[in-house]
Structures are given as structure tokens and as C-alpha cells.
Amino acid sequence: MEYISAKTIVTKTKDTGWFGIDYNMNIYKGCCHGCIYCDSRSECYQIKDFDRVRAKKDALAVIRDDLRRKVKTGVVGTGAMSDPYNPWEKELLLTRHGLELLDAFGFGAAIATKSTLMMRDAEILESIREHSPVLCKVTVTTADDELARKIEPAVSLPSQRLDMIASLSQRGIFTGILLMPVLPFLEDHEDNVRTVVRRAHEAGARFIYGAMGMTLRGNQREWYFDRLEELFPGRGLREAYMRQFGNQYSCPSPRARGLWKVFSEECRRYGILYEMKDIIHAYRRGYETTQLSLFDTDK
């Protein structure tokens, strides 16, 4: 493992509109899951050799000092630029100990991952939940394990991720799915959307946040097209993308409107939250009142 220096790790978000997250915490840089669609590979992020995972030097000491300096507690998100549960985390335990620090300093946690290794830290998440909001976001773009083996080659299969969602949900941890990206010409069909929503319901997921399309820019576009030709030869997917989207950044599915209708109807049918404001309200519900009551001198 290569270590890189970092003066700070827990940083304030520009706004809390993304899942109500107040701070970001990225302990690792780069990701080895090999997902062909990952936007973090784009040039604008300036992550050289993106597929090689590096850890931040003295990460736990830096996180401890960062948390000590915060005037206000809040929800700390992790997993924005690299998955916090990469294979090295099994031994390094940096994410695990980072969560323990959040717990000790009274912060909440919002985790985004594709790895079932998160289940290892369920008891820490339960401890955090006693005083602060906890949100677990598990990416599932398809329920088809065979397709996932191609587009997400080095990560837990969707069936395994759904089993983890079921286990976390049974523990009462607020857990749901990121149905994003939905890859045009590969995943953007009604059967995929309906199946993911149904499987999410069966697993007890509280929410699904979806985006019926993807983004492409910079070097990521060519890298993605090369993978499409390698994995799906003869299907003319590069040509289909160029005809439909050209070089634009936002690549919504040509079926996006119809898919969103199906998606929202299925979510409502199963009682699954899918609007951002509703998700934020639900997982943070009660904690603001509880924390304020600690300072209520009238009691």
C-alpha cells in the first residue's frame, strides 16, 4: 500500500443537498473495483492511475484532529470518490476505525459502497445510530449478476449486495439503493428497473435514488467506449452512444421519461422512498429534536 500525505480529511460540503451530508471523508484515493462507468476516472479529478488504491498517511490521526476542530457535529459522508471498502480495508481497517472516531465524537455517518465488507462494521453503525443519523447507500444498477460481472468486475455481486441490504435493514439501519448510473442500451429497460425495485423491496430497502442515464467526459469517455467494445463485441455500442449523445457530458437514456414513470410507480407501490428530500427527512428524523433537547434548560 502506498501512502499519500493529507493535511485534512474531513471537509465541509458546499451544501447539504446530497443526502443531507454535512462533511466528506475520503480515506483512500483511487479505486480497484474496475467499474467501467465510473465518473471519478475523469480528467477533472486529476487522479493519476485511478485503478491503484492509495491510503492517506496518518489518516486516523488527521481525522481525529479534524473532528476535534469542528464547531458543529453533523453527518459525515464517505465513498464519494473511492469506495471506502476496497480489498485492503480488510487488513488496514481505516474505514472501520474512522467510523469509530465518528462515533466517539458524536457524528453521524453516510456510506456509499458496492462492497459487502460494510456488513463487518454493522455494530459500529448501530452504535452511531444511538446518537446520530446513519445512512447506508448501496449501488445496484442491475439485478443481473452476469451483466454485473462484466461492468463491475471486481466488486460484490448485486445478489450479495441485496443480501447485505437485507441484513442491515433487519438491524434497523437505514439502508437503500443507488440505482445510478443506468447505462443506456445496456440497463435502460423496464424489466431491469422493475426487478431492482422488487428485489429492493424484498430486501427491506428504505429508499432507492435513481438516475436514468449516466455521465461521460474527458478520458473516461474513451475508456468506457473501449470497455464496451471489449465486453460486448459486435453490438455497435460506441456508435450508438456517439449518435445519441455525441460528446455531451449528460447522457440520459432515450427511454428516461418512460423509465422514470415505471420506477416511481413501482417505488410507490412498494412504499419505497425515491425523492431526495423524503430520503433526507426520513433518515434524519428525530435526531435534531433529540440533540436540541440536551440543551433544554426548562426541563
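The model is predicted, so local features need pLDDT of at least 70 and side-chain atom pairs count only at pLDDT 80 or more, while totals for chains, interfaces and linings use all residues. Residues are numbered from 1 along each chain as its sequence is written, and side-chain values use heavy atoms, with hydrogens and water left out.

**Stop 1: the largest pocket**

Select W18, S40, G79, A80 and M81, which lie nearest the centre of the largest pocket among its 44 lining residues. A pocket is an open set of points on a 1 Å grid over the protein atoms alone, where a 1.4 Å probe fits, with protein on both sides within 12 Å along at least five of seven lines; lining residues have an atom within 4 Å of a point. The volume is about 1,100 Å³, taken as the space filled by probe spheres set on the points, which are joined across faces, edges and corners. The elements giving two or more residues to the lining include β6 (75-78) and β7 (108-113). Strands here are DSSP runs of E with at least two residues, and helices are runs of H or I with at least four, numbered from the N terminus.

**Stop 2: strand β6**

Now select β6. V75 and G77 on one side, and V76 and T78 on the other, are all buried, that is, under 20% relative accessible area with a 1.4 Å probe and protein chains only. N24 has G77 as its bridge partner.

**Stop 3: helix α6**

Select residues 158-170. Helix α6 has 13 residues and reaches 18 Å from its first C-alpha to its last, close to the 18 Å expected from 1.5 Å times one less than the number of residues. Its buried residues include P158, L162, I165 and L168. The buried residues of α6 pack against α4 (122-129), β8, α5 (145-151), β9 (175-179) and α7 (190-203), contact being heavy atoms within 4.5 Å. Just after the helix, G172 takes a positive phi of about 85°.

**Stop 4: the three-stranded sheet**

Finally, select β1, β5 and β4, an open sheet in that order with mixed pairing. β1 (2-4) and β4 (28-29) are at the edges with a single partner strand each, so one side of each lacks a neighbour in the sheet. Three bridges join β1 to β5 (residues 54-56) in the parallel sense, and E2 stands opposite R54.

How values were computed: Buried means under 20% relative accessible area, exposed over 50%, partly exposed in between (1.4 Å probe, protein chains only). Two strands pair if DSSP finds at least two bridges between them.
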